[in-house]
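Please keep the sequence and the structure at hand while reading.

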Amino acid sequence: ATATIAGGRSSVRLAASTAGGTPRDDNEGEGVPSTMPDAVRRFFLGPDRGPALVVLCLSYLVQRRLHLSDFAPPDFVALLSSVVFWWFQEHALHGRLLHSSYDWIGKRIHRDHHDRPYFHVSIDPPALLLGWLGVACAVLRTAIPDEGIALSGAIGYATAGLFYEWAHYIAHTRVKPKSQFLRSIRDHHIRHHRINEDYWLGFSVPAVDDWMGTNPEVSQAREEKKKGRRRRTGRVEGGGESLGAKRSGGF
């Protein structure tokens, strides 16, 4: 099996196995799903439990919010603002912390994620998911005096987080999404893993990399990696312009 990703004037065809038939990009022991029904069952009903617990927490937040009063315009503003915040948070934390130059536990865990076969079951543990959501709810409740509006923000943040967990999980399975949007997320993430880890840092909304200057031409990103140059130097051999400023045409 193969996956083809496009990038501006370049495209990359990634083999999922060697010519001899030995899996190179799969962790067969995990039972990586290849169909959407299997993927849904594994995600929500599998042994990881984290996603199911997040759904329960999200259900409680919605129930609590509806118990207080009807939704009003400030609630929608808080909800949408927290979703958009999540999009940019993904990009910032991914680039500045998980791919940081400093050695810390988060970077080591993420390095292990990159070192594994591309096709594997990637679901964060319940402690991380629930702990992160709990901190977010506490911050929102502290920052926003109105409990209803704070809950609306928490609902948006939890929903965005759950979508990220789902989409990232699907991107690492053998499922071929029918949705063009999910396919674009998958192809975007394959570039990050296989072409150059300095780029394609966004996830839920690939266009964030366009806005942040981290969606270059595939050929340029590959060449930069070969030269051993890092994006944070702000220079590319043969010129002073940062490669990150040269965007591809997206999908």
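Contact here means that heavy atoms lie within 4.5 Å. With that meaning, and with residues up to four places away in sequence not counted, Glu90 touches Tyr164, Leu201, Gly202, Phe203 and Ser204 in this predicted model. Glu90 belongs to helix H3, which runs over residues 73-98, and its relative accessible area of 9% is under the 20% limit, so Glu90 is buried.

**Overall layout**

The protein has nine helices and two strands, and along the sequence these follow the pattern β-β-α-α-α-α-α-α-α-α-α. Of its 251 residues, 43% are buried. Among contacts between residues at least 6 apart in sequence, 67% join residues at least 24 apart.

In soluble globular proteins, nonpolar side chains tend to be buried together. The largest nonpolar core in this model has eleven residues, among them Ala39, Phe43, Val54, Leu129, Leu162, Trp166 and Tyr169. Helix H1 (36-45) and helix H6 (147-171) each supply at least two residues of this core, and H6 gives the most, with four residues. Val54, a member of the core, touches Leu129, Leu130 and Leu162 when residues up to four places away in sequence are not counted. A second, separate core has nine residues, including Tyr118, Ala171, Ile185 and Ile190.

Which residues does Ile155 contact, leaving aside its neighbours within four places in sequence? They are Leu58, Leu61, Val62, Arg65 and Leu79. Ile155 is placed in helix H6, and it counts as buried because its relative accessibility is 8%, under the 20% limit. Although Ile155 and Val62 are 93 residues apart along the chain, their C-alpha atoms are separated by 6.8 Å.

An α-helix has 3.6 residues a turn, so residues three or four places apart point the same way.

| H4 (105-115) | Gly106, His110, His113, His114 | 95° |

In H4, the buried residues are Gly106, His110, His113 and His114, and because they cover an arc of only 95°, they fall on the same side of the helix. On the other side of H4, Ile105 and Asp115 are exposed, while the buried residues pack against H3, H6 and helix H7 (180-194).

Just after H9, Gly228 takes a positive phi of about 70°.

**The largest pocket**

Rolling a probe the size of a water molecule over the atoms shows where empty space is left. In this model, the largest pocket holds about 1100 Å³ of space. It is lined by 40 residues, of which Leu98, Asp124, Leu128, Tyr164 and Glu165 are the closest to its centre. Helix H2 (50-68), H3, H4, helix H5 (126-143) and H6 each supply at least two residues of the lining, and the lining as a whole divides into 22 nonpolar, eleven polar and seven charged residues. Tyr164, one of the residues closest to the centre of this pocket, is also among the residues that Glu90 touches.

How values were computed:
Residues numbered from 1 in each chain as written. Predicted model: local features only at pLDDT ≥ 70, side-chain atom pairs only at ≥ 80, totals over all residues. Heavy atoms only, no water. Core = buried A, V, L, I, M, F, W, Y, C linked by side-chain atoms within 4.5 Å. Buried < 20%, exposed > 50% of the residue type's maximum accessible area, 1.4 Å probe, protein only. 1 Å grid on protein atoms, 1.4 Å probe; cavity = no way out; pocket = protein on both sides within 12 Å on 5 of 7 lines; lining within 4 Å. Points joined across faces, edges and corners; volume = space filled by probe spheres on them. Nonpolar A, V, L, I, M, F, W, Y, C, P; charged D, E, K, R; others polar. Arc of directions from axis to C-beta.
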